[in-house]
Each structure stands twice: as structure tokens, then as C-alpha cells.
Amino acid sequence: MQLQKGSLANYLIMFIVLGISGMPFFSSNQPFTILFALGLIGLFMFSHFKKIDEEFLYVAGAIIACVIFQAVTFSFFKGITIMGLIMRILTAYLAIRLIGQHYVTYFVRVMVVLSIISLIIFIPIMIKPDLMQTLKDATPAFMSYKYELWGMEIDRKTLIVYNFVEEIDRLRNNGPFWEPGAFGGYLVIVYMLNTIREARLLGPINILFIVTILTTQSTTAYLALFAFIVFYIFFEDYSYATKSLIIVFGVAGYIAFQTIPFLGDKIKEENAGAKDAIETVGGDTRMASAILDWEDIKGYPLAGRGIWDETRVDKKFQYAIRNNGFTNFIAQWGILFFLFYFYWYYRGFREFCRIYGGNAFIPIVLILVIWLLSFSENYFDSPFFWSLVFLSIPLREVEAEEDEDDDGEDDSESDEDEDDNE
């Protein structure tokens, strides 16, 4: 898979997909997301593609069936919410279809640029914290976004490629995303995919990603990165000496979680305060969200409670922030669609690993690590994560091209044999 000369349009599409998935300047701008979707539709209509792929129709059919069942179950339906869902899924499909088999490569390259920019901005701020306020004051008013939290309107400044988010207790690098943990999650995913592309854990690009992940100070990102490295070493062709380092990593990780405050203490505090969080602020911690979501799942395990706010949660906790993406997605869609959704992830990752020579177990590792990341953020309903559902579509064409090349070689060999016989 040799990448041809980079297309500016593909870079732009990839950047905006990431933007409407997690960069507040774009994701909070609904008219822009609609215009972007319409633009992709126009590009697709004038592209060389003859028809919509069957895989997209399968996913769309499953979503329609699930939504209809939920609407009948709860006697409730809100068209505007479904329209938003359709726009996100259509955007995801068209983006990956237009970029094609190099979708992951463009993802890696865009994340490289965003990582470098984040470090250029964050490191000086880390050295001189007052610089953040100086940059915010110098940022034009139009480069801002608003959102509502607990009945209050929050107004924040952003440089688009870097979002100013101030932490109470420490400085963290959140890059262009809504918060540092989200940036850390995207970085772990791009690190995993690039590791498979390059067949090595510590190439120059991966070192950049690791350094950037460290600056996010995201507990979940650290855990996910550690888990992937351990599994990758275990399943890939590493020496016994290298694999024995897993034990050393494990001991070092345990010590880190016992000694570094924002790692182990954060998890312990969330576990201990889960009950209080439920009673006071709904689900505004990962563990509290998981507990509440589990209660919702038990009531409607197969088909879920729907993506509508009116049916999703009990009225007692209707203003709760459900920030455990793993349990929230199951509660919304039910176990059946949850398994269907990640079946398509598996298909795409399996093709990706086949092309780049990854171990057969690595696709499962990728999904498990993404599940771990989702315990900290609501990822799965964003266009970028929906696009991974369709990853197998362009990668499938790579296999077809390889088969054609193999057939051509076989034919030429047969011709040579006939000539020899003559």
C-alpha cells in the first residue's frame, strides 16, 4: 500500500472528521457539520463510485430496525435527533469512502501535525503557566465556543488546533480536543494503528505520540497505552527476553499507580465517591455513570433505551452527565447492536492487520483497548468512531487488487511454461 501524492482534499476531510468528532470549534457548530455532510454528498456524487456499498446498507438497516423498536417500546420519537444520527453516520461512511484505503495513513499524518502543534503550545505554557491567559486574551472573539453545563453557559476560547482548557490542580495538554482525556484517547488509537503499519513500537512517529500522551496526564490513556504495548509484545514475534520485560513493566506500573497521585488516587477516589456522585450530581464520575447505566441496561438489555434524552435515563437523573462511554453506548443501543457495531470494527481491524502483517489476535486487542478508553469518554457516537465501522470497505479492495496481481502472475507463468513446452 504505497501512498500516492497526498491529496489536500483528503487531508482536509480527515481533519474535519476529527474536528466534528471532538474539536469544540467544529463539533459545537451544527450548521457547519450539516454543510460538511452535504459537501461530502456532492463529492461522492461526482466521484467514480457507482453505488452505495452493501456494508453501509447493512449498518443503516440495523440502525433503522433498532430505532423503530425503541420508538414502539417507549411510544416516543423525535425526528431531529434521528436526523443528527443519520448525518453523523453518512458523514463517516462518505469520508472513509472518499479517502479510501489510505484512511488510516491520513489519520496518522493529521494526528502527527496536531501533536506537534500541541507540544509547541503546551510546553511553553507548562514552563510559564501565565502564558495560557495571555494567549486566551489574544485569541479573537469569533474563535470561541459555548456550551451549557449544570444550567450555566460556559464560554471558552480556542485556537481550533489547540483548545484552552484549564485544570484546577495541574496543567494538561488537551490539544484541539474537548479535554485532555479525549486527546489522550485519540492518541492511543493512532499510536496502535501506526504501530501495526510500521511493525514497531518505537519509531519516530510513535515516540512523538507517546510523548504527547504523557503530557495529557490521562489515567485512562496511560492504562490503555500500557495494555496495548504489553499485548503487542506478547502476541508479536518478540524474543523471550523482551517478553520477560512485561513483568518489569507490570511491577513498574503497579508502583506508579501507588505513588503518582493523579493515577492511583484518582481511581480510588472515583470508586469511593461513586455513591455520593450518584446522589448529588447524577453520574458525573466514570464509576457513578457505569452504575447508573447498568441499571438502565438491566431494564432494556437487548435493544437499549434509545439516543433520545427523554427515554435514555430515569427522570431522577435526567441532568446527569453520563461520561462512561462504554456503558452509555450499551444503554443507548442495547447489547445486540453493541455486538453488531464492534463486529464491523473487528472486520476492519482484521483486514488492516492482514495487509500489514499483524498477528491474528491484534484486532481483538485493538477493540479491548478501545473499550478501556471508552470508560473515560463518550466516543462511539462521533463520526470518526462510526467511520471505523466502515473501515473494512476500502481495505477489502486492497485484497481484491492483490488477488488480481496474483492471477496475473499465475497467467504469465503459465504462458512461460507453454513456451518452454513448445
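# A tour of the helices

Select H6 and H8 first: these two helices lie oblique to each other. The model on your screen is predicted.

**Stop 1: H6 against H8**

At what angle do the axes of H6 and H8 cross? They cross at roughly 130 degrees and come within 10 Å. An angle of that size counts as oblique because it falls between the perpendicular range, 65 to 115 degrees, and the roughly antiparallel range, over 145. The crossing of H6 past H8 is left-handed. To see what touches, show the side chains on both helices. H6 brings Val104, Thr105, Phe107, Val108, Met111, Leu114, Ser115 and Ser118 to the contact. From H8 come Phe183, Tyr186, Leu187, Ile189, Val190, Leu193, Asn194 and Arg197. Colour these residues by type: eleven are nonpolar, four polar and one charged.

Stay on H6 and select Ile123, which is in this helix. Its relative accessible area is 36%, so Ile123 is partly exposed.

**Stop 2: the whole chain**

Zoom out and switch to a cartoon view. How many helices and strands does the chain have? The chain has 19 helices and two strands. Of its 422 residues, 49% count as buried. Consider next the contacts between residues with a separation of 6 or more: 72% of them join residues 24 or more positions apart.

**Stop 3: H1**

Select residues 8–22, which form helix H1. With 15 residues at 1.5 Å a residue, H1 should span 21 Å, and its end C-alpha atoms are 21 Å apart, so the two values agree. H1 is mostly covered, with eleven of its 15 residues buried. The buried ones include the run from Ile13 through Met14, Phe15, Ile16, Val17, Leu18, Gly19, Ile20 and Ser21 to Gly22.

What covers the buried residues of H1? The cover includes H2 (24–27), H3 (30–45), H5 (79–99), H6 (103–127), H8 (180–198) and H18 (383–387). Show these helices one at a time around H1.

Then pick Asn10, which lies in H1. Is Asn10 buried or exposed? Its relative accessible area is 13%, so Asn10 is buried. Beyond its neighbours within four places in sequence, Asn10 is in contact with Leu98, Ile99 and Tyr106.

**Stop 4: Phe26 in H2**

Move to H2 and select Phe26, which lies in this helix. Phe26 counts as buried because its relative accessibility is 9%, under the 20% limit. Leaving out neighbours within four places in sequence, its contacts are Phe15, Gly19, Ile20, Phe32, Thr33 and Ile160. Ile160 is 134 residues from Phe26 along the chain, yet their C-alpha atoms are separated by 8.2 Å.

**Stop 5: H3 against H5**

Select H3 and H5. Their axes are 9 Å apart, and the helices pack at an angle of about 40 degrees. That angle makes H3 oblique to H5. H3 passes H5 in a left-handed crossing. On H3 the contact is made by Ile34, Phe36, Ala37, Leu40, Ile41, Leu43 and Phe44. On H5 it is made by Met87, Leu90, Thr91, Tyr93, Leu94, Ala95, Arg97 and Leu98. By type, the residues of this contact divide into 13 nonpolar, one polar and one charged.

**Stop 6**

Most residues other than glycine have a negative phi. Two residues here have a positive one.

Where is Ser75? Ser75 lies in the loop between H4 (54–74) and H5. Its phi is positive, about 50 degrees, although Ser75 is not a glycine. Ser75 is exposed, because its relative accessible area is 68%.

Next select Ala199, in the loop between H8 and H9 (204–216). Ala199 is not a glycine either, and its phi is positive, near 60 degrees.

**Stop 7: H10**

End at residues 219–235, helix H10. For its 17 residues the span at 1.5 Å a residue should be 24 Å, and the end C-alpha atoms are 24 Å apart, so expectation and model agree. Twelve of the 17 residues are buried, so H10 is largely enclosed by the rest of the structure. Among the buried residues are Tyr222, Phe228 and Tyr232. Others to select include Thr219, Thr220, Leu225, Ile229, Val230 and Ile233.

Definitions and conventions. Residues numbered from 1 in each chain as written. Predicted model: local features only at pLDDT ≥ 70, side-chain atom pairs only at ≥ 80, totals over all residues. Heavy atoms only, no water. Helix = DSSP H or I, 4+ residues; strand = E, 2+ residues; numbered from the N terminus. Expected span 1.5 Å × (residues − 1). Buried < 20%, exposed > 50% of the residue type's maximum accessible area, 1.4 Å probe, protein only. Contact = heavy atoms within 4.5 Å. Axes fitted to C-alpha atoms, helices over the stretch in contact; angles between N-to-C directions. Parallel < 35°, antiparallel > 145°, perpendicular 65-115°, else oblique. Left-handed = near helix turned anticlockwise from the far one by under 90°. Nonpolar A, V, L, I, M, F, W, Y, C, P; charged D, E, K, R; others polar.
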